[in-house]
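Please look through the sequence and the structure shown here before reading on.

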Amino acid sequence: MLTLSRKEICVTRNFEYLNRVLGILTEKNIEYTVKTNTMTNPGRMHGTPFIDSNSAYEYRVYVRQADCDMALRFIETVK
């Protein structure tokens, strides 16, 4: 469970972009939490035919509020 001391800095559906953001945060020693939401049916089916994997999940990255401004500056350069 996320605490109130965390702030969302990034929402993406692109896994490669997520990995670049997390790499920068790790490199700069900024602790983060990632919450993953499935956009497809989370039931018995483990995938939906004909859906792009970049559309199947939504990733939300959270950092401590004290690190928020610094983290946002670092990830501005990620494309």
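The sections below take up the sheet, the helices, the core, the charged pairs and the aromatic rings in turn.

## Basis of the report

This is a predicted model, in which local features need pLDDT of at least 70 and side-chain atom pairs count only at pLDDT 80 or more, while totals for chains, interfaces and linings use all residues. Residues are numbered from 1 along each chain as its sequence is written, and side-chain values use heavy atoms, with hydrogens and water left out.

## The sheet

Three strands form an open sheet in the order β1-β3-β2, with antiparallel pairing; strands (E, at least two residues) and helices (H or I, at least four residues) are DSSP runs numbered from the N terminus. The edge strands are β1 and β2, each of which pairs on one side only. Neighbouring strands of this sheet are turned by 25 degrees against each other on average, direction ignored, where axes are lines fitted to C-alpha atoms, for helices over the stretch in contact, and angles otherwise run from 0 to 180 degrees between N-to-C directions.

Two strands count as paired if DSSP finds at least two bridges between them. Between β1 and β3 there are six bridges in the antiparallel sense; here E8 stands opposite Y62 in β3, and K7 has V63 in β3 as its bridge partner. Strand β2, which covers residues 32-38, pairs with β3 over seven bridges, again in the antiparallel sense, and Y32 stands opposite V63 in β3.

## Helices on the sheet

Helix α1 packs on the sheet and touches β1, β2 and β3, its direction making about 15 degrees with that of β3. Helix α3 also packs on the sheet, where it touches β1 and β3, and its direction makes about 20 degrees with that of β1. Contact here means heavy atoms within 4.5 Å.

Helix α2 spans residues 53-56 and includes A56. With a relative accessible area of 10%, A56 is buried, a word that stands for under 20% relative accessible area, whereas exposed means over 50% and partly exposed in between (1.4 Å probe, protein chains only). The C-alpha atoms of A56 and N14 are separated by 9.6 Å, although these residues lie 42 residues apart along the chain.

## The nonpolar core

A nonpolar core is a set of buried Ala, Val, Leu, Ile, Met, Phe, Trp, Tyr and Cys residues joined through side-chain atoms within 4.5 Å. The largest one has 16 residues, of which I9, C10, V21, L25, V61, V63 and I75 touch the most other members. At least two residues of this core come from each of β1 (6-12), α1 (15-27), β3 (57-64) and α3 (68-75), and the largest share, six residues, is supplied by α1.

Which residues does L25 contact, leaving aside its neighbours within four places in sequence? They are I9, I30, Y32, V61, V63, A71 and I75.

## Charged pairs

Side chains of opposite charge can pair when their charged atoms come close. A salt bridge is defined as a side-chain nitrogen of Lys or Arg within 4 Å of a carboxyl oxygen of Asp or Glu, and a search of the whole structure finds four of them. One joins E58 and R60, with the closest N and O atoms 3.3 Å apart; E58 is buried at 13% relative accessibility, while R60 is partly exposed at 22%. Together with E8, these two residues, E58 and R60, are linked in a network of salt bridges.

Another salt bridge brings together the side chains of R64 and D67 (3.2 Å, N to O). R64 is partly exposed at 41% relative accessibility, and D67 is buried at 11%. The side chains of E27 and K28 also meet in a salt bridge (4.0 Å, N to O), with E27 exposed at 58% and K28 partly exposed at 37%.

## Aromatic rings

Rings of Phe, Tyr and Trp (its six-membered ring) pair if their centres lie within 6.5 Å, and planes under 30 degrees apart count as stacked, over 60 as edge-to-face and the rest as tilted. By this rule there are two aromatic pairs. F15 and Y59 form a tilted pair, 5.8 Å centre to centre with 50 degrees between the planes, and this pair links distant parts of the chain, since F15 is in helix α1 and Y59 in strand β3, 44 residues apart.

F15 is partly exposed, with a relative accessible area of 41%, whereas Y59 is buried at 9%. Ring pairs link F15, Y57 and Y59 into a cluster.
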